[in-house]
Amino acid sequence: MSETTTPQGKEYLAGWTPWRIKRYWFYGLVTVLSLVIPWIQVDGNHLFLLSFDKLKLHLMFVQFDMQELYLMPFLLMILFIGVFGITVLGGRVFCGWMCPQTIFRVVYRDLIETKLLGLRKRIKNKQQEPDYSKAENKLKRVVALLLWTGLAFIAAADLMWYFVPPEDFFAYIQNPAEHPVLIGSILVIVGFLVYDVIFLKENFCVYVCPYSRIQSVLYDEDTVMAIYNPNRGGDIYNENKEKVFTKQNDLLSVNPSAECTTCESCVTVCPTHIDIRKGLQLECINCLECVDACTEVMGKLGKPTLVEWSSEKETLFRKGKTDYFRPKILGYIAVLVIVSIVLAMMGSKKEYMLLNINKENRLYSINQTEEGKTRVDNAYTFLLQNTLNEDHEYYFDVIAPAGMEGKIKIDQPAKPFKVKPGIVKKKVVVLYTEEMLVNDDRKDTVIPITIRAYAVDAKDKVIVDRQSTFTFPRADLLK
C-alpha cells in the first residue's frame, strides 16, 4: 500500500497566479480603455463626451444637445446602482480593482518606488517606508516625484478628454491665455494627484473616500471579500478586537489545531495597514494582497490559504456556499436592466433638431386683401436649433384637421432658411387663411394644427412634429 505525500512549496503552488498579477493585467486593461475611448469617433460623435464647451452630450456615438440632458439622470442611476450592486456582491472590489486612486498608488509605489528606483525593498512589504535619511534616497524621491508628475499630466489630460474632445484639447492648450479654465483645471488636477498619490496615499481610502462608509450598510453575509478563516487559523484577536497572539507557540498553547503561523505576511503586505485577521474593516479595499501573502505562506506548508476571497456565510459561519444570485442581487440586476432599456428607448428617440413654438400674444389679425377677400393671420415665434454638425436649410408644413387641409397657409417665411450647427435661430412665422374655416357667431375657434418642420436636404432624417393652434375669429368679426 503506497502512501500519498501532500505537495508543498513550489509543487503545491504550481500553476497558481497571484491576484496581484491579475490585478496588474486588469489595471492595464482599464488604463488602455480610459486612454483610447476619448479618441473613438463615429461620424464625428464620441462614445462618451460631456462637452461643457459646446454644450453637447455624446453617448454611444449619438450627439445630444444640452436641452436633451434628460438622459443624464439615467446615466447617473446606472452608475450608482451599478456601484451599489457590485458592493453588495463583491464588497469594495471597485476600490481594489478599478478605482483610479488604487491604480495610481500601485503605479507609484510598486512600479516607480519599488521596481524602477528601488526605494522600497519589496512589494510584499508595504508597511516599511523608504529611508529618506539617505541622500541617495532623497534624490530618488525627487526623480519619483518628477516621474509621477509627468504621469499625472497624462492622467489629467485623459480626464479632460471626456469633457473637451482631444481634437479641441490640443488646439486649446496651444493658446493657454485664451483657455484659462482648461489650463487651470489641468493644473489643479495634477496638483491634487501629486499630493494624493505621493503624500496622502491610502489615507484617502481610509479617511476621505465616502464609499467606505456606504459599504457597511450594503454588506450582507453573502458579500464576497477578503476574509480570514479563524475556524482553521485560530482567533488572533479577542472579542474586544485586541490582539492577543503574536507568536505561533502562544497561539498553539491555547488552540493546538490553529494553523496561523503568525508570520504577519498578510499584515505587512496590506496597503491600508490593517490586519485582516481582526475581521471586517472599513479600510479593506479588497485588493486581495493578503490572500496572496497567506496563499504563498500556507502553500509552502502544503495547506490552503487562511485568508480567502469568500463570504462570511461560507468561511466564518459555515452555512454553506455563497449565494451569489440572491434576491438582492437579482433586484439590482433587474433595476439596471430596466433603467438601461428606458435609456436606450429615450436615446433612440433623439431629434436632430430642436423646435419650440410660441404663439404671439395677439390671437389673430383680420385684413382685407386687394382681391376683396377677408384674411386671418396668426403669428408665431419659432426657436429652432440645429443639433447636427453641418449647416442645414429648414422649412415646415402646416397640417390642418380633416376638412381644412390646405386652407391654412404659410405667409412668412416664404422660403427655407439656413441654420448653422449649435445655433438657436429665432424666426417669426405668420400663418394665414382666406377661407371660412368655422362659422360660429358666439366665440373664436381654436383649431389644432401640426407643424411639421424638417431639413430640406435631409427630410428623411431631420424632421419633427410640434402641436400648435390656429385661432379663427367668430363669424361676426369677418363681416
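Reader: Which is R442, buried or exposed?
Author: Relative accessible area decides: buried means under 20%, exposed over 50%, partly exposed in between (1.4 Å probe, protein chains only). R442 has 72% relative accessibility. R442 therefore counts as exposed.

Reader: What kind of model is this?
Author: Residues are numbered from 1 along each chain as its sequence is written, and side-chain values use heavy atoms, leaving out hydrogens and water. Local features need pLDDT of at least 70, side-chain atom pairs count only at pLDDT 80 or more, and totals for chains, interfaces and linings use all residues: this is a predicted model.

Reader: Which residue forms a salt bridge with R442?
Author: A salt bridge is a side-chain nitrogen of Lys or Arg within 4 Å of a carboxyl oxygen of Asp or Glu. Here the closest N and O atoms are 3.9 Å apart. The partner of R442 is D440.

Reader: How many residues apart in sequence are D220 and K328?
Author: Their side chains meet in a salt bridge (3.4 Å, N to O). D220 lies in the loop between α10 (211–218) and β6 (224–228), and K328 in helix α16 (residues 327–348). Helices (H or I, at least four residues) and strands (E, at least two) are DSSP runs, numbered from the N terminus. The pair ties together parts that are separated by 108 residues.

Reader: Which residue forms a salt bridge with K459?
Author: The closest N and O atoms are 4.0 Å apart. K459 lies in the loop between β15 (445–455) and β16 (463–472), and its partner in strand β11 (residues 392–399), 62 residues apart. At 40% relative accessibility, K459 counts as partly exposed.

Reader: How many Å apart are the end C-alpha atoms of helix α5?
Author: Helix α5 (residues 100–116) has 17 residues. A straight helix would reach 24 Å at 1.5 Å a residue. α5 falls short of that, its end C-alpha atoms being only 21 Å apart.

Reader: What covers the buried residues of α5?
Author: The buried residues of α5 include R105, R109 and D110. The cover is judged by contact (heavy atoms within 4.5 Å). It includes α2, α4 (93–97), α6 (135–160), α8 and α9.

Conventions:
The expected span of a helix is 1.5 Å times one less than its number of residues.
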